[in-house]
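Hi everyone, thanks for coming along. Let's have a look at the model together, and please stop me whenever a term is new to you.

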Amino acid sequence: MAKIITMTSGKGGVGKTTSSAAVGTGLALRGFKTCIIDFDVGLRNLDLIMGCERRVVFDFINVINGEARLNQALIKDKRVENLYILPTSQTRDKDALTLEGVGKILDELKKEFDYIICDSPAGIEKGALMALYWADHAIVVTNPEVSSVRDSDRILGVIQAKSRRAEQGLEPVQEHLLVTRYDVERVEKGEMLKVDDVLEILAIPLLGIIPESPAVLKASNVGMPVVLDDKSNAGQAYADAVGRFLGEKIEHRFIKPEKKGLLDRLLRRTA
Amino acid sequence: MSTQVAYRDAPFQLRGSTFTMMVLKVSDPRNPNFFPVLSGKIAQAPNFFRHAPVVLDLDDLPAGVPFDFESFVKLLRNLGLIAVGLQGGTKEQQDAALAVGLALLQAPRGKVEMFDPLAGTGRSPAQGLANVQAQAQPPAHAPAPAAPVMLEPPPPPRASMLVTEPIRSGRQIYAAGCDLIVVGPVSPGAELLADGSIHVYGTLRGRALAGVSGDQNARIFCQSLEAELVSIAGLYRVSEDMDKDIRRRQVQIYLNNGFLHIDPVSA
């Protein structure tokens, strides 16, 4: 049975699209047929992060409006088998989304895919609601700082009140916390919230901690999901998170400062 | 582009197109000199008239004068002219025209110029011809005409639509029924649409779709091609499929024999 995973956060700029790309690619690498949908209508970015912006012809909104078939809009990833991207429109806005339209496309995708990842826009308005309404799972992306945590708390409340599962009194949406841009050294110095502090406020299971890493920006700029960079700590952390999502017991890494040798200290090596 | 979608799997493509045709205004068909004079005219430029399609216009025909479409069409045919339709006309004339296989065409806007290919004014013949728009398929958003009655004449065509500011990502500009001229750059994620041609004097990084109502003669011109997608009359190409050696160059994009061509414009 296909699962719909919504990547959401409330706050912008915390790494929803990066995480959607990484988790979606991670699931496809594990052999699951996965589709990532960009719900950020008007601020299309997923195609850039996935490096397929030069292949976009039709989009999600064209399919909703019946101007194109789903298969015409789906872009198959060239690197990873089983991975597809459904880009959104840059010229339209969130009003182009309708619950029925989105539901119809998700139903169609469910026939073919194992996992459907909905990359939500920031905010708690229409776009975000459309992305979370049909969710079976929600991955809440949070940075270790107070405003991001508060916004994540808010979006969790929205999921518990406004999702289809809530409305129809079904089993609730399964929530997962993904802490991104975690800088161990700054946490040690007290400049950033500890994972434990975040968990205490949000009180949902921890899926992963993604360390702050230059590899993330580098990967975005070349249009490659960071999980494919298995040398980087961020890439490894995402791969671990995917494993945990699939039920594996994997210990959290990258949450203790590395013991630096004298040479490291002299060279000031980071990451 | 919706045209492309709807008909992709069909065994045919239905597209609107604009043709230039001669209009033959008939005022006195019973004049015994009618066909001899016409024949003499044709003899002056036989190649131009050979198998030329002709639209009949009977507006100058005095009321009550009978008009025999069948024999008239045959006589034209003998001269090498092919009658294809009737412009305007009374209800009776339209019925008679339909009966002999002529199409009914709306009278074009404005006055039809008199046609004389040898007038020696230096203009090309096409400029003197009436512009007859074959029932072009309207853009997707246009409401369908309610009944096949004479419609209100559409507003006079604008020569072009001019945009002088840079076009940001997410903006969509549609030049309805005319060409689009953009002086500044077009950002990625912006979309230009025109029923006519598109001219971009800045760098074209977004999408450009010319001839969106089906005009296959529309073209796209730009100073530096970095477009995400270009399309003419529904035929498109995404940037990934564009040759590397035309990127960032001054190009024109046009259709030829059903293929989209992107050629550098040599300066």
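Let's begin with one pair of residues: Ile181(B) sits opposite His199(B), which belongs to β11(B). A strand here is a DSSP run marked E of at least two residues, a helix is a run marked H or I of at least four, and both are numbered from the N terminus.

Before going further, some housekeeping. This is a predicted model, where local features need pLDDT of at least 70 and side-chain atom pairs count only at pLDDT 80 or more, while totals for chains, interfaces and linings use all residues. Residues are numbered from 1 along each chain as its sequence is written, chains are lettered from A and ligands numbered from 1 in the order in which they are written, and side-chain values use heavy atoms, leaving out hydrogens and water.

Back to our strands. β9 (residues 179–182) and β11 (residues 198–204) of chain B run parallel and are joined by 3 bridges; two strands pair if DSSP finds at least two bridges between them. Another contact in this region links Val182(B) with its bridge partner in β11(B), Val200(B). On to β7(B), which runs parallel to β9(B) with 4 bridges between them. There, Met161(B) stands opposite Leu180(B) of β9(B).

Now the whole sheet: 6 strands of chain B make an open sheet with mixed pairing, in the order β7-β9-β11-β13-β16-β17. β7 (160–163) and β17 (259–264) of chain B are at the edges with a single partner strand each, so one side of each has no neighbour in the sheet.

What about cysteines? Cys178(B) is buried at 4% relative accessible area, and Cys222(B) is buried too, at 2%. Over all chains there are 0 disulfides, a disulfide being a pair of cysteine sulfur atoms within 2.5 Å.

Finally, a helix in chain A. In α1(A), 13 of the 14 residues are buried, so the helix is largely enclosed by the rest of the structure. After α1(A) comes Gly31(A), with a positive phi near 100°.

Notes: Buried means under 20% relative accessible area, exposed over 50%, partly exposed in between (1.4 Å probe, protein chains only).
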